[in-house]
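Q: I am new to this structure and would like a short tour. Could we look at it together?

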Amino acid sequence: MSGLAYSGKAFRDLMNANYYPLANMKKSVAKLKASDDIDLPTLEYGQYHLILTPPSKWPQGSAKYWHKEKGRARVDLSTQPNTVPLSRDEPGVIPLTRCDLLDACVRKCFNSEPPIPMKTKIITHAASDAYAHRHEIRLEWEYKKGSDTPTLLNLTMVCPHRS
């Protein structure tokens, strides 16, 4: 997911319009349920982007490279063990890899009733970062005060630094 097209404001705003606020997330869930190209219970990160936003609307022709870039991220994240629980309301669910955790978080957002909105962004590691050569995900749930039920997922994909 390297490249300025994915980390730029135009891409972030276009994608986030599918997931935030709740009304937009509900529209996206309805669109995915109506699609023959996806199954919400088995949804994986990256499968839904081209269904929700036609390639012609992606900035700088970035849709052309989406499958390759998200595939690289998935392979990289699949090699990273995970010890973080899915969420506070499911503390016993600890996916095996960081890729599994990413998929589980996305599935939770799209399959919850009501769905849980997401805010996403893609950034790039600094050259000096400890793991600058690999993808990383940062997943932060927001909760209503006094509750363990998530109300928002902040999802950050950190891409490798490429010189």
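**A walk through the model**

Q: Which elements each supply at least two residues of the lining of the largest cavity?
A: Helix α2 (9–19), together with β1 and β3, does so, each of them with at least two lining residues. Helices (H or I, at least four residues) and strands (E, at least two) are DSSP runs, numbered from the N terminus. A cavity is a set of points on a 1 Å grid over the protein atoms alone where a 1.4 Å probe fits but cannot get out, and a lining residue has an atom within 4 Å of a point.

Q: Which of them gives the most?
A: That is α2, which gives four residues to the lining of the largest cavity.

Q: And which residues line that cavity?
A: The lining consists of Phe11, Arg12, Met15, Tyr19, Tyr45, His49, Thr120, Lys121, Ile122, Leu155 and Met157.

Q: Before going on, what sort of model is this?
A: It is a predicted model, in which local features need pLDDT of at least 70, side-chain atom pairs count only at pLDDT 80 or more, and totals for chains, interfaces and linings use all residues. Residues are numbered from 1 along each chain as its sequence is written, and side-chain values use heavy atoms, without hydrogens or water.

Q: Fine. How many helices and strands does the chain have?
A: The chain has six helices and three strands. Along the sequence the pattern reads α-α-α-α-α-α-β-β-β.

Q: What box do the C-alpha atoms fill?
A: Taken along the principal axes, the box is roughly 45 × 35 × 30 Å.

Q: Now the sheet. In what order do the strands sit?
A: The three strands form an open sheet in the order β1-β3-β2, and the pairing is mixed. Two strands count as paired if DSSP finds at least two bridges between them.

Q: Why is one side of β1 and of β2 left without a neighbour?
A: Both β1 (118–124) and β2 (136–143) stand at the edges of the sheet with a single partner strand each, so one side of each has no neighbour there.

Q: In which sense do β2 and β3 pair, parallel or antiparallel?
A: They pair in the antiparallel sense, over eight bridges, with β3 covering residues 150–159. Glu136 has Val158 of β3 as its bridge partner, and Glu142 stands opposite Leu152 in β3.

Q: What do β2 and β3 form, and how many residues lie between them?
A: The two strands form a hairpin, and six residues lie between them. Gly146, in the turn, has a positive phi of about 80°.

Q: Which residue other than glycine has a positive phi?
A: Gln60 is one, with a phi near 55°. Gln60 is placed in the loop between α4 (49–52) and α5 (66–78). As background, most residues other than glycine have a negative phi, and most peptide bonds are trans.

Q: Speaking of peptide bonds, is the one joining Tyr20 and Pro21 cis or trans?
A: The bond between Tyr20 and Pro21 is cis, with omega at about 0°. Pro21 belongs to the loop between α2 and α3 (22–34).

Q: What about the bond from Glu113 to Pro114, cis or trans?
A: The bond from Glu113 to Pro114 is cis as well, and its omega is near 0°.

Q: Where is Pro114 placed?
A: Pro114 is found in the loop between α6 and β1.

How values were computed
On a 1 Å grid over the protein atoms alone, a cavity is a set of points where a 1.4 Å probe fits but cannot get out, and a pocket is an open set with protein on both sides within 12 Å along at least five of seven lines; lining residues have an atom within 4 Å of a point.
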